[in-house]
Amino acid sequence: MSKLDAAFSAMADPTRRAILARLALGEATVLELAEPFEITQPAISRHLKVLEGAGLIVRRVEGTKRPCRLAPLAISEVDQWLNVLRQALTENYERLDDVLAGMKPKKRKPRR
């Protein structure tokens with residue numbers, strides 16, 4: 001599985017997306033990440049393992065804690081892929097604008 005496939009697979013889960021959104025605010029421990037959810041810390045740890053395996057987060061050791069943070073490179077790769085789609089859509093809309101701008105309005109027949 002490519003890194004991009006792994007990243008999108010990991011982000012398919014709403015809990016994992018919520019964890020990524022939380023980590024966008026800054027580094028957090030498993031306990032801090034588990035607070036807003038009604039699931040166990042081991043369940044959060046399993047989600048973190050998937051995110052870490054996809055390269056979306058990194059962990060460091062700080063005593064008994066293992067704070068997590070976003071992995072900028074993986075997020076950048078996802079963003080670059082989305083930019084390709086964004087650019088294609090922009091070009092399609094620009095072509096549509098050109099076609100519409102080239103169309104002349106039809107003259108209507110007067111009503112009786």
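A cavity is a set of points, on a 1 Å grid over the protein atoms alone, where a 1.4 Å probe fits but cannot get out. Its volume is the space filled by probe spheres set on the points, with grid points joined across faces, edges and corners. The structure has one cavity of 30 Å³ or more. The largest cavity has a volume of about 40 Å³.

This is a predicted model: local features need pLDDT of at least 70, side-chain atom pairs count only at pLDDT 80 or more, and totals for chains, interfaces and linings use all residues. Residues are numbered from 1 along each chain as its sequence is written, and side-chain values use heavy atoms, with hydrogens and water left out.

Start with the overall layout. The protein has five helices and two strands. These are DSSP runs, numbered from the N terminus: H or I of at least four residues for helices, E of at least two for strands. From the N terminus on, the order is α-α-α-α-β-β-α. The radius of gyration, taken over C-alpha atoms, is 23 Å, well over the 13 Å that the globule rule gives for 112 residues, so the protein is more spread out than a compact globule. That rule is 2.2 Å times the number of residues to the power 0.38. Along its principal axes, the C-alpha trace spans about 85 × 30 × 25 Å.

Now return to the cavity. K3, L4, A7, A54, A74, E77 and V78 line the largest one; lining residues have an atom within 4 Å of a point. Helices α1 (3–11) and α5 (72–102) each supply at least two residues of this lining. By class, the lining has five nonpolar, no polar and two charged residues. Ala, Val, Leu, Ile, Met, Phe, Trp, Tyr, Cys and Pro count as nonpolar, Asp, Glu, Lys and Arg as charged, and the others, Gly among them, as polar.

How do the helices pack? Two packed helices are described by the angle between their axes and the distance between the axes. Axes are lines fitted to C-alpha atoms, for helices over the stretch in contact, and angles run from 0 to 180 degrees between N-to-C directions. For α1 and α5, the angle is about 95° and the axes are 10 Å apart. That makes α1 roughly perpendicular to α5, a term for angles of 65 to 115 degrees. K3, L4, A7, F8 and M11 of α1 meet E77, V78, W81 and L82 of α5, where contact means heavy atoms within 4.5 Å.

Helices α2 (residues 14–23) and α4 (residues 41–53) have axes that come within 10 Å and cross at roughly 80°. The contact joins T15, R16, I19 and L20 of α2 to I44, H47, L48, V50 and L51 of α4.

F37 lies in the loop between α3 (30–34) and α4. Beyond its neighbours within four places in sequence, F37 contacts T15, A18, I19 and I44.

Conventions. 1 Å grid on protein atoms, 1.4 Å probe; cavity = no way out; pocket = protein on both sides within 12 Å on 5 of 7 lines; lining within 4 Å. Parallel < 35°, antiparallel > 145°, perpendicular 65-115°, else oblique.
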